[in-house]
Amino acid sequence: MAVSSSFTGAKMENLLLRSVLSSSSSFMSRAVPMQLSQAWFLKRSRLAQRVSTGDAVMPVFRCDLSDSDIQRIEASSLSPLEQLKASAADRYTKEKSSVMVIGLSIHSTPVEMREKLAIPEPDWPRAIVELCGLNHIEEAAVLSTCNRMEIYVVALSLHRGVKEVTEWMSKKSGIPVADLCQHRFLLYNKDATQHLFEVSAGLDSLVLGEGQILAQVKQVVKVGQGVVGFGRNISGLFKHAITVGKRVRTETNIASGAVSVSSAAVELALMKIPESSHSSTRMLVIGAGKMGKLVIKHLAAKGCTKVVVVNRSEGRVAAIYEELEGIEIIYKPMSEIMACAAEADVIFTSTASETPLFMKENVKDLPLVGPDIGGLRLFVDIAVPRNVGSCVSEVTGARVYNVDDLKEVVAANKEDRLRKAMEAQAIISEESKQFEAWRDSLETVPTIKKLRAYAERIRVAELEKCLSKLGEDLPKKSRRAVDDLSRGIVNKLLHGPMQHLRCDEGDGRSLSETLDNMHALNRMFSLETDLSLLETKIRAKIEQIQN
C-alpha cells in the first residue's frame, strides 16, 4: 500500500482546522473558545512551514483577530496538553495505534540505495529515540542488515506516521522522498507481524532458510533493551519473532542445507573459477567480523587450505584460527591491504567501513591474474555500505560482485526450499494469531488500572469521612484497622471483575469474551471516554518528548 508523499503538513492542517471549526462536540465548546482554536491553528501553520518538506504551500487562514489578540491568547496559561487537545480533539481517537513496517529490501531496492539508508548497530538506539520524537510515533525499532533496512513503529496515526518516518529516512539518507516511495514497502498490523516472523524464520532472505537473520533479530532486542521508545508492543513483537524463528528451524528442515550470504558468496566465487584451479586459488578475506568469519568457515568446508585475512586487529583472526582445523590462516594488518590484494586471485570484503576500500585507481596497477584462474581478479563484496566501488569492474582483469549478484547462486535449489517454506508458513500463521491475541489483550490493561483507580478514589473519600466522624483521638491501631477493612472490601469486590478482564489461557476464556467484559465495565463505570483516551495518549506523548 503506497501513501502519497504529497499529503503535506499544509493539507493536514487545513483538514484539522476544517474539522475543529465545524465541530459541534461538547468538548470543544466547553474546553476552549473558538478564537483560541483559530489562534492555535495559526501558530501550528507557522510551524508547518518549518517542518514540512518539498514545495508545500502554506495554508491561508481567515481570522478576524488582531495580532495583539493572537499574541494574548497564545500567551495564555493553557498547558501544552490543553493546547494540543484544542488543536485536534479527535486526532488520536479516530484511529487505533497501528504497528507498521516501512522498509527497503534486496528484493526491490538496489544496493546503491540500501547502503545510503544503512544504519550501523551502534546508532540504532539514537535512531529509535529520533523516531519516537516524531509527532505520531510511540515506539520504534530498526532492523538494518546487508539485505534490508526496515523501520518498525507503533503509530498513533497510520498515514501521518508513514509520512513522518519516510521523511525521516529521506533526511538521514539524502534520498528524495519520491525515490524512497518508488522502492519502499509498507505493511500494517497483521501483515507487518507476519512479515517480521517470515524474516526471522529466513523465508524473506535471499537464501531461503539462512540462519544469520535470526541472530540479527535477536540483536535488535538486545540493543533495544533500556532504550526509550523500544516499548512493550515492539519489544513483544521482536521477542515473539525470535520464538517463531527458533520454532520454524526446530520443526521443519528448512535450515538443512541452507546457506548464509557468506556461503553464497563463496559459492559464487567458485562458480567463476575453473574447478581444476579451486585448490590453487589464492584467497584473501578482508574483515574478520561475523560475515568474514563465516566466509572463512565456508572456504574451509569447500576444501580451501590457506587464506590470508586482513583485519584491524589480530585477536579475532587468532580466535578463528583456534576454532577451525585444516586451514592455514595468515593475519595481515590493514596497512598491507594493497600488497595482499596484489597477491590474491579472489578478494572477499566484509568490513564496516563507510567508505570504499577499493576504487578504480587502487586496482588498475595490480598485476594480472593468471589464465588458469580465469584471467580475472574477483572482488566479492558482501558489505553494506559497499567496500568495493562498482567502477573497479571497468579495470581490465577485474570483476566486482556484490550482495545483489548472489541471486544466481541460490536459484538452483529454490524449488526444494519453497516446499519447506510451506511448512514454515503454517507455523507462522499460528504464531501470528497468538501475537495478535496478546496485543489485543493489552486493551484491557487501561481498564484494569482505571477500575482500580475509580474504586480507590471512592474508598479514600469514604474512609476520610468515617475517620473524621470518629475524631482525631482515634488510636493509630484503630485507624489502621478501618483502613485495612476498607481495602479488604474493595479488593473482594474487584476480584471478580478483574478476573474477567484478564485473558489467561488456563480459564478457557476467549479474547472476544474478555474484550466484551472490558467494554461492559467501561460503560457501567464510565471508565473510558474519547476525551480520557485522548488525554492519556497525548499526555504520554508529551512526557516522552520532555524526557
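1. A quick definition before the helix pairs: an axis here is a line fitted to C-alpha atoms, for helices over the stretch in contact, and angles run from 0 to 180 degrees between N-to-C directions. Keep in mind throughout that this is a predicted model.

2. Start with H11 and H12. Helix H11 covers residues 212-224 and helix H12 covers residues 232-251; their axes come within 9 Å and cross at roughly 160°. Angles over 145 degrees count as roughly antiparallel, so that is how H11 runs relative to H12. The handedness of this crossing is left-handed.

3. Who makes that contact? On the H11 side you'll find Ile213, Leu214, Val217, Lys218, Val220 and Val221. H12 answers with Phe238, Lys239, Ala241, Ile242, Gly245, Lys246 and Arg249. Sorted by class, the contact of H11 with H12 has 8 nonpolar residues, 1 polar and 4 charged. Worth a look on screen: Lys218 from H11, and Lys239, Lys246 and Arg249 from H12, are among the contact residues.

4. Now for H7 and H8. Helix H7 spans residues 124-132 and helix H8 spans residues 158-173, with axes that come within 11 Å and cross at roughly 135°. The two helices are therefore oblique to each other. H7 passes H8 in a right-handed crossing, whereas H11 and H12 cross in a left-handed one.

5. The residue list for H7 and H8 goes like this: Ala127, Glu130 and Leu131 in H7 meet Val165, Trp168 and Lys172 in H8. By class, the contact of H7 with H8 divides into 4 nonpolar, no polar and 2 charged residues.

6. On to the cysteines. The structure holds 0 disulfides. Two cysteines to check by eye are Cys340 and Cys391. Cys340 has 9% relative accessibility and so counts as buried. Cys391 sits at 19%; the cut-off for buried is under 20%, so Cys391 counts as buried too.

7. Last, the chain as a whole. How many helices and strands does the protein chain have? There are 23 helices and 10 strands. Of its 547 residues, 49% are buried. As for contacts between residues at least 6 apart in sequence, 73% join residues at least 24 apart.

Notes
Residues numbered from 1 in each chain as written. Predicted model: local features only at pLDDT ≥ 70, side-chain atom pairs only at ≥ 80, totals over all residues. Heavy atoms only, no water. Helix = DSSP H or I, 4+ residues; strand = E, 2+ residues; numbered from the N terminus. Parallel < 35°, antiparallel > 145°, perpendicular 65-115°, else oblique. Left-handed = near helix turned anticlockwise from the far one by under 90°. Contact = heavy atoms within 4.5 Å. Nonpolar A, V, L, I, M, F, W, Y, C, P; charged D, E, K, R; others polar. Disulfide = S-S within 2.5 Å. Buried < 20%, exposed > 50% of the residue type's maximum accessible area, 1.4 Å probe, protein only.
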